[in-house]
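Here is my note on the pockets, the cavity and the ligand, as you asked. Keep the structure open while you read, and click on the residues as they come up.

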Amino acid sequence: MGSAGRLGGALALVTGGASGIGRAVCARLAREGARLAVADRDEGGARDTVGGLHSGGTPHAGGGPPHAAFEVDVASAPSVTRLLARVQEHFGVPPTICVGCAGVTRDEFLLRLGEGDFQEVLGVNLTGTFLVTQAVARALVAAGAPGGSIIHVGSIVGKVGNLGQANYAASKAGVEGLTRTCAKELARFGIRCNAVLPGFIVTPMTDKVPPKVLEKFAGMVPMGRLGDPQDVADVCAFLASGDSSYITGASVEVTGGLFM
Ligand code: NAP
């Protein structure tokens with residue numbers, strides 16, 4: 001599918017685009033005709049993602065390739081400001097689609113969890129989501145509010161908690177509150193903001209989870225399997241597109257029915 005696809009030539013910024021869910025989201029949005037700004041702290045990985053993308057999208061204003069990779073640390077305000085400036089310089093417009101997939105875990109039981117690991121996870125997962133959302137929303141409003149769809153990747157763990165993930169669960173619960181507030185504040189600018197809440201999805205992030213624990217979770221999923229990054233990417237493509245034009249402030253669970 002080229003620029004005539006469901007996202008026909010729209011510019012999408014995806015953070016965490018070097019790996020796992022973010023990489024799958026980039027691939028799916030590109031197949032729907034979007035141009036991609038792939039951002040990650042792993043710039044080499046982001047370039048690899050760009051290398052594998054469908055290139056039928058509309059070339060950017062300068063006539064170059066439709067997709068580009070950018071280095072960013074979402075937890076750093078100056079880094080996020082630089083990212084938006086570079087994306088707009090490269091493509092000539094702000095992104096009207098933004099999917100925030102950058103995230104980290106630093107698992108430890110509450111009684112042993114250090115403040116540094118708590119703050120680091122909050123810094124990337126929650127502050128990072130805030131900084132990127134604010135920067136994209138500011139750029140869209142400055143450009144005359146051409147409309148937009150911002151998608152936050154939360155987690156089902158933000159709703160139900162999880163052993164060893166006090167920091168992660170708190171960050172993802174915060175993301176949902178942020179999503180709903182952004183939806184209320186940005187609606188008047190034609191910008192929608194929604195969250196997807198994945199369950200257990202097989203990515204490099206879950207490589208750190210002991211196989212025994214993953215097997216246990218797989219056994220608890222009504223649909224009988226762990227998720228694939230593509231399962232989450234499909235929902236992000238729907239939320240990015242006009243097919244969800246009356247949906248904002250929603251949290252969509254992508255869990256195979258786990259914890260419903
Ligand atoms: P992943 O494969 O580890 O991908 C996350 C990407 O984000 C990595 O490339 C990572 O780089 C990057 N990143 C981390 N910190 C960053 C920062 N400060 N600035 C920019 N990029 C940064 O993980 P994933 O499983 O695809 O997770 C994607 C999102 O889905 C995360 O928000 C995660 O919390 C959420 N999620 C995942 C699952 C699951 O089961 N996999 C379930 C629910 C929610 P490094 O490799 O250098 O850290």
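How many cavities of 30 Å³ or more does the count come to? Let's start there and work towards the ligand. One thing to keep in mind throughout: this is a predicted model.

1. The cavity. The count comes to one cavity of 30 Å³ or more. The largest cavity holds about 50 Å³ of space. To find it, select Thr15, Val74, Gly100, Cys101, Ala102, Val124, Gly128, Thr129 and Val132, which line it. Helix 4 provides the largest share of that lining, with four residues. Sorted by class, the lining has five nonpolar residues, four polar ones and no charged ones.

2. The second largest pocket. This one has a volume of about 170 Å³. Its lining is made of Phe130, Thr133, Gln134, Ala137, Leu178, Thr181, Cys182, Glu185 and Leu186. Two elements give two or more residues here, namely helix 4 (115–142) and helix 6. Which of them gives the most to this lining? It's helix 6, with five residues. The classes come out as five nonpolar, three polar and one charged.

3. The largest pocket. Here the volume is about 1200 Å³. There are 50 lining residues, and those closest to the centre of the pocket are Val104, Thr105, Tyr168, Met205 and Thr206. The elements that contribute two or more residues to this lining are helix 1, strand 2 (35–40), helix 6 and helix 7 (211–220). By class, you get 23 nonpolar, 16 polar and 11 charged residues.

4. Where the ligand is. Where does the ligand sit? Look in the largest pocket. As for the shell around the ligand, the elements giving it two or more residues are helix 1 (20–31) and helix 6 (166–186).

5. The ligand's neighbours. The ligand is surrounded by 28 residues, and the closest of them are Ser19, Ile21, Arg41, Tyr168 and Thr203. You've met Tyr168 already, as one of the residues closest to the centre of the largest pocket. The shell splits into 15 nonpolar, nine polar and four charged residues.

6. Now zoom in on the ligand's oxygen atoms. Ile21 has a backbone N or O atom 2.8 Å from a ligand oxygen. For Ile201, a backbone N or O atom is likewise 2.8 Å from an oxygen of the ligand. With Gly199, the distance from a backbone N or O atom to a ligand oxygen is 3.4 Å. How much of the ligand's accessible area does the protein cover? On its own the ligand has 880 Å² of accessible area, and the protein covers 89% of that.

How values were computed
Residues are numbered from 1 along each chain as its sequence is written. This is a predicted model: local features need pLDDT of at least 70, side-chain atom pairs count only at pLDDT 80 or more; totals for chains, interfaces and linings use all residues. Side-chain values use heavy atoms; hydrogens and water are left out. A residue is near a molecule or strand if one of its heavy atoms lies within 4 Å of it. A polar contact is a pair of N or O atoms within 3.5 Å; within protein, one must be able to donate a hydrogen and the other to accept it, and residues adjacent in sequence count only if both atoms are side-chain atoms. Accessible areas come from the Shrake-Rupley method with a 1.4 Å probe; for residues, only the protein chains shown count as cover. On a 1 Å grid over the protein atoms alone, a cavity is a set of points where a 1.4 Å probe fits but cannot get out, and a pocket is an open set with protein on both sides within 12 Å along at least five of seven lines; lining residues have an atom within 4 Å of a point. A molecule sits in a cavity or pocket if more than half of its atoms lie within 2 Å of its grid points. Ala, Val, Leu, Ile, Met, Phe, Trp, Tyr, Cys and Pro count as nonpolar, Asp, Glu, Lys and Arg as charged, and the others, Gly among them, as polar. Grid points are joined across faces, edges and corners, and a volume is the space filled by probe spheres set on the points.
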